[in-house]
Amino acid sequence: MQNISVIGAGTMGNGIAHVAAQKGFRVSLVDTQPQQLEKAIKTIAGNLDRQISKGVLTEADKLKTLTAITTYGSVATGVASADLVIEAATENTDLKLSIFRLLDEHAPAGCILASNSSSISITRIASVTRRPGSVIGLHFMNPVPVMKLIEVINGYATTADTTRQMIELAGRLDKTPCVVNDYPGFIANRILMPMINEAVYSLYEGVAGVQEIDTVMKLGMAHPMGPLQLADFIGLDVCHSILNVLYEGFGNPKYAPCPLLTNMVTAGFLGVKSGEGFYRYTPGSKELVVSARFTR
Ligand SMILES: NC(=O)c1ccc[n+]([C@@H]2O[C@H](COP(=O)([O-])OP(=O)(O)OC[C@H]3O[C@@H](n4cnc5c(N)ncnc54)[C@H](O)[C@@H]3O)[C@@H](O)[C@H]2O)c1
């Protein structure tokens, strides 16, 4: 396996392209938005510079990594010689299904088709292709160059050989694979999202304030970040939609998003990306300031 095509050059796509190119793969990075491709290459160059300043990479490594990445504006051309496609486009079921139909049409026979989806069923994605045995989930964590885990998700029809090849790939990327089956939220989000939702409920019911909830989990459970800060980092809209996937997938009200979370998302308070969630974010400042809505 030598050629990897990455579909989507956003937060996750640029990280996956970075790691794959740095580990010696030839990478085709595909996005329908030219400005996203431009931004991704700048981000990768910046992250490589950070690795150089830490002494873990040389200028020559940086050049080699960047030259291993070619950008494409269309799936059809970007996957023509792929051994593996990793799809990391926007989290939307209809969009992913249409991308996988295209991948099935244009990727070589024998090419494995993986999705980095956080919550959409791999079995459902595989069902629109003529190669469901070669469709699998590769759930990288954000930020990809830093985080060691890949959750490898077996769809109902995924073959043992496809899984074996992805475990090998994880090793070549210097990541640790964990193989799980395809049920709502897989493992990471099935466990993480109810914890975040419970933290929001504790705030909503007045059990404690934002700082207290996060401090209990940081100092008491040795979590590097409290659940409310983590929710802001992930994006409250993303948390809300994954909770709905769990709620609908299991038909169990215990996963229903807290009404406070729903209100915040509806009002556009999405966390870091919108500038305010449980905390308020000022560009250039690392200080963690609780949103005024939770201090009055
Ligand atoms: N952000 C995270 O923390 C995180 C973590 C794990 C998994 N994921 C998953 O990774 C995927 C990508 O998330 P992200 O945060 O990088 O999103 P993002 O919004 O940063 O990037 C998505 C990219 O997909 C591109 N895109 C949209 N339609 C396309 C198409 N038809 N063809 C090619 N490119 C297309 C967009 O232009 C954009 O650049 C999602 O499935 C998400 O659930 C995200």
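Residues are numbered from 1 along each chain as its sequence is written, and side-chain values use heavy atoms, with hydrogens and water left out. Because the model is predicted, local features need pLDDT of at least 70 and side-chain atom pairs count only at pLDDT 80 or more, while totals for chains, interfaces and linings use all residues.

**Exercise 1. Determine whether Asn154 is buried or exposed, and identify the side chain with which its own side chain makes a polar contact.**

Step 1. Asn154 belongs to strand S7, residues 149–154. Helices (H or I, at least four residues) and strands (E, at least two) are DSSP runs, numbered from the N terminus.

Step 2. Asn154 is buried, because its relative accessibility is 16%. Buried means under 20% relative accessible area, exposed over 50%, and partly exposed in between, with a 1.4 Å probe and protein chains only.

Step 3. The side chains of Asn154 and Thr163 form a polar contact at 2.7 Å. Such a contact is a pair of N or O atoms within 3.5 Å; within protein, one must be able to donate a hydrogen and the other to accept it, and residues adjacent in sequence count only if both atoms are side-chain atoms.

**Exercise 2. Describe the surroundings of Ile150.**

Step 1. Ile150 also lies in strand S7, and it counts as buried because its relative accessibility is 1%.

Step 2. Neighbours within four places in sequence aside, the contacts of Ile150 include Leu138, Phe140, Ala170 and Cys178. Contact means heavy atoms within 4.5 Å.

Step 3. Ala170 is 20 residues from Ile150 along the chain, and their C-alpha atoms are 7.1 Å apart.

**Exercise 3. State which backbone atom the side chain of Asn116 reaches.**

Step 1. Asn116 is found in the loop between strand S5 (112–115) and helix H6 (122–127). Its relative accessible area is 6%, so Asn116 is buried.

Step 2. The side chain of Asn116 comes to 2.8 Å from the backbone nitrogen of Phe140.

Step 3. Apart from residues up to four places away in sequence, Asn116 touches several residues, among them Met12, Glu87 and His139.

**Exercise 4. Find how helices H8 and H12 are oriented to each other, and which residues meet.**

Step 1. H8 (residues 188–204) and H12 (residues 259–266) pack at about 95 degrees, their axes 8 Å apart. Axes are lines fitted to C-alpha atoms, for helices over the stretch in contact, and angles run from 0 to 180 degrees between N-to-C directions.

Step 2. The two helices, H8 and H12, are therefore roughly perpendicular. Angles under 35 degrees count as roughly parallel, over 145 as roughly antiparallel, 65 to 115 as roughly perpendicular and the rest as oblique.

Step 3. From H8, Asn197, Val200, Tyr201, Leu203 and Tyr204 meet Pro259, Leu260 and Leu261 of H12.

**Exercise 5. Which residues come nearest to the ligand, and which polar atoms lie by its oxygen atoms?**

Step 1. Asp31, Gln36, Glu91, Lys96 and Ser118 come nearest of the 23 residues around the ligand. A residue is near a molecule or strand if one of its heavy atoms lies within 4 Å of it.

Step 2. An oxygen atom of the ligand lies 2.7 Å from a polar side-chain atom of Gln36. A side-chain N or O atom of Ser118 is 2.7 Å from an oxygen atom of the ligand.

Step 3. For Ala89, a backbone N or O atom lies 3.4 Å from an oxygen atom of the ligand.
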